[in-house]
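This briefing is meant for a reader who is meeting the structure for the first time.

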Amino acid sequence: MTKNSLKIYWILLLLVLSGTLCSQPITQYNQFNGKYDFTAFGNTLNEAENAGGYCDILTSSSADLNLAPGQTVVAAYLYWAGSGDGDFDVTFNGADITAERTFTANNGAITYFGAFADVTAQVQLTGNGTYTISDLDLTDIIANYCGGAPGNGTNFGGWSVTIVYEDATLPNNQLTIYDGLQKVFGPDPQLDINLTNLNVVDVVGAKVGFLVWEGDVGIAVGETLSINGVVMEDLPLNPANNAFNSTNSYTGASDLWNMDLDLFNIEDVINIGDTSMLVQLDTNQDGIFVNNINVVLSSELPDATIDVTNIEVYCDSRDIDVDYTVFNLESTDAVPANTPIAFYANGTLVGSFATINTIPVDGFETNSVSMTIPAAIPNDFILTAVVDDLGDGTGIVAEINETNNSFESDVTLVENPVAGPVDTIIVCDLDDDGFANFFLLVAEPQLLGTQTDVDVTFHQTLDDAENGVNQITTPESYTNIDSPFQTIYVRLENNISGCYITSSFLIEVRPVDFIPFELVDLEFCIDGNNDVGYPIDLTVQEESIFAGVDPSDYTVTYHLSQFDAAAGENAIPNPTAYPNIENPQLMWVRIVNNVINCVEIGSFTVLIKLNPLVTLPADMTPYELCDDATADGFT
């Protein structure tokens with residue numbers, strides 16, 4: 001059996017015993033738009049191809065970065081990978097590096113790893129020169145991956161740095177970086193990777209770069225790399241039947257053992273308007289791990305986004321004012337003037353506007369607009385602002401990203417409170433002087449109805465109510481200033497929105513025949529040890545209330561609160577035997593003159609006192625004394 005066929009045997013056996021191969025999908029990591037391009041450098045830890053029986057591994061290796069004058073490092077991403085569970089702490093040019101992200105691929109118990117760290121600051125400081133990775137130590141486990149071992153011929157390790165650089169002489173490009181750790185083996189012979197979030201506006205200069213592990217020069221069995229269905233090759237380094245074969249397209253080297261840094265021109269395999277690209281790897285024998293893919297496309301496009309910064313709503317109005325900003329960030333061309341902007345309320349178009357000026361790359365434009373929300377839209381709605389929208393969901397400007405044009409805000413239209421009608425409050429003038437005390441708070445339930453979050457204040461003039469000043473500070477005991485009628489003005493203000501409305505009602509003083517209405521506090525001494533629940537006859541007050549008047553002209557009720565007494569609500573149903581609920585307890589009396597229909601209220605206190613407890617001695621033997629000498633029965 002040859003070494004290559006032995007390798008296939010072990011892989012097939014592992015698949016049968018362990019199940020499907022697992023890996024971490026390749027997904028987008030970052031995207032750059034502007035005068036950007038990329039390069040890569042790195043090196044393997046293998047000193048020979050593993051398919052030939054090589055079973056040693058280095059712990060360090062070096063490679064050179066050679067940027068041209070005018071090329072400035074924008075980002076530097078270090079990747080390292082190998083056989084085993086992973087070594088995630090390495091040294092990069094003398095600096096300790098810990099993986100910021102890790103990747104895993106496995107086949108049952110046979111595992112492989114990848115790692116990532118952002119080394120931008122270090123590379124920007126160092127610049128061109130030789131870079132060395134050290135302390136990447138796989139020596140303890142590498143024997144488990146050599147020929148004849150469970151990992152049969154998949155012993156590898158290495159590192160690479162993807163460099164994103166800016167160059168003023170470049171055209172505007174879209175550079176997208178994807179990474180993960182996905183693998184394809186002969187027993188599972190096809191791997192599809194769909195690269196998304198692309199925007200092909202020109203095919204000139206389009207290219208794709210790969211960081212791939214474990215490719216073998218000597219194994220070219222059914223191995224192809226296809227992009228959008230087209231088999232790729234880059235002769236002499238990468239033939240169509242062995243794309244990943246330990247080569248480095250950046251240096252021209254062909255001894256990057258079990259590691260590939262490859263570039264392919266893709267001008268002929270993409271089309272203007274494409275937003276994705278399908279990468280397919282097929283192999284009938286060799287094992288391949290894809291770690292990193294970089295795509296560069298020519299891109300002279302704007303990228304308009306919008307942000308609503310403020311929405312002004314007005315009391316009892318369906319007009320709103322909207323402040324917004326249109327940005328042109330992450331772009332490579334200007335947003336043209338008169339780019340349409342649409343505003344939707346719950347999906348209904350409510351305003352169409354446009355940008356005023358040309359917005360340059362990295363620029364913005366701020367504006368304010370007014371619009372009226374239709375009556376069919378509820379007070380609570382979602383306002384959606386969409387830049388580059390004619391009002392029907394279509395745009396007129398080709399952009400780098402066509403999916404980031406909208407911004408949503410929750411809006412609540414505010415209405416003024418509503419003041420309900422209030423019955424005239426009529427109070428009896430007991431001393432016939434034209435003035436009396438009024439409990440104005442009794443008007444609140446009629447004013448508010450079911451409204452919440454509304455504050456009510458009482459005022460003596462309309463101007464004070466409109467301005468929210470000089471409110472009546474004691475509405476529970478207000479003495480009228482005009483007689484017999486006075487208008488009380490009220491201000492109803494929503495304590496959340498500040499919207500308000502004013503209204504008014506009348507108070508009236510009516511003279512009546514004199515009645516004493518002298519309420520006295522009631523005190524009771526009772527036996528026992530509980531001073532609540534004692535049945536009290538509250539009507540004993542009526543002897544003094546009706547002194548000298550006809551009781552049939554009046555209706556008396558008793559209440560637990562001043563409000564209930566003033567409103568005539570919740571009268572105590574059993575005033576002749578009311579069980580008190582606290583001690584002492586304040587009781588309120590409402591007296592209605594049935595002849596002229598006026599009201600007077602007052603209060604008194606009920607106090608329950610407990611009699612002392614007498615405890616008789618247990619021994620009740622009579623106390624006896626002898627009569628004295630007079631024998632008169634006293635001593």
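In this predicted model, a disulfide joins Cys 315 to Cys 499, with an S to S distance of 2.0 Å. The pair links distant parts of the chain, 184 residues apart, since Cys 315 sits in the loop between strand 19 (304-313) and strand 20 (319-328), and Cys 499 in the loop between strand 30 (485-494) and strand 31 (500-511).

**Cys 315 and Cys 499**
- The link is left-handed, with -95° about the S-S bond.
- Cys 315 is partly exposed at 38% relative accessible area, whereas Cys 499 counts as buried at 0%.

**Cys 55 and Cys 146**
- The sulfur atoms of this disulfide lie 1.7 Å apart, and the link is right-handed, with 90° about the S-S bond.
- Cys 55 lies in the loop between strands 2 and 3 and Cys 146 in the loop between strands 9 and 10, so the pair ties together parts that are 91 residues apart in sequence.
- Cys 55 is partly exposed at 30% relative accessibility, while Cys 146 is buried at 5%.

**Cys 428 and Cys 598**
- This disulfide has an S to S distance of 1.9 Å, and its link is right-handed, with 100° about the S-S bond.
- Cys 428 lies in strand 26 and Cys 598 in strand 37, so parts that are 170 residues apart in sequence are tied together.
- Both Cys 428 and Cys 598 are buried.

**Surface patch**
- Asp 89, Asp 96, Asp 135, Asp 137 and Asp 140 form a negative surface patch.
- Asp 89 is found in strand 5 (residues 89-92) and counts as partly exposed at 46% relative accessibility.

Definitions and conventions
Residues numbered from 1 in each chain as written. Predicted model: local features only at pLDDT ≥ 70, side-chain atom pairs only at ≥ 80, totals over all residues. Heavy atoms only, no water. Patch = residues over 30% accessible without salt bridge, like charges linked within 9 Å, V, L, I, M, F, W, Y side chains within 5 Å. Areas by Shrake-Rupley, 256 points an atom, 1.4 Å probe, with all protein chains shown as cover. Salt bridge = Lys/Arg side-chain N within 4 Å of Asp/Glu carboxyl O. Lys, Arg positive; Asp, Glu negative; His and termini not counted. Charge placed at Lys NZ, Arg CZ, Asp CG, Glu CD. Helix = DSSP H or I, 4+ residues; strand = E, 2+ residues; numbered from the N terminus. Buried < 20%, exposed > 50% of the residue type's maximum accessible area, 1.4 Å probe, protein only. Disulfide = S-S within 2.5 Å.
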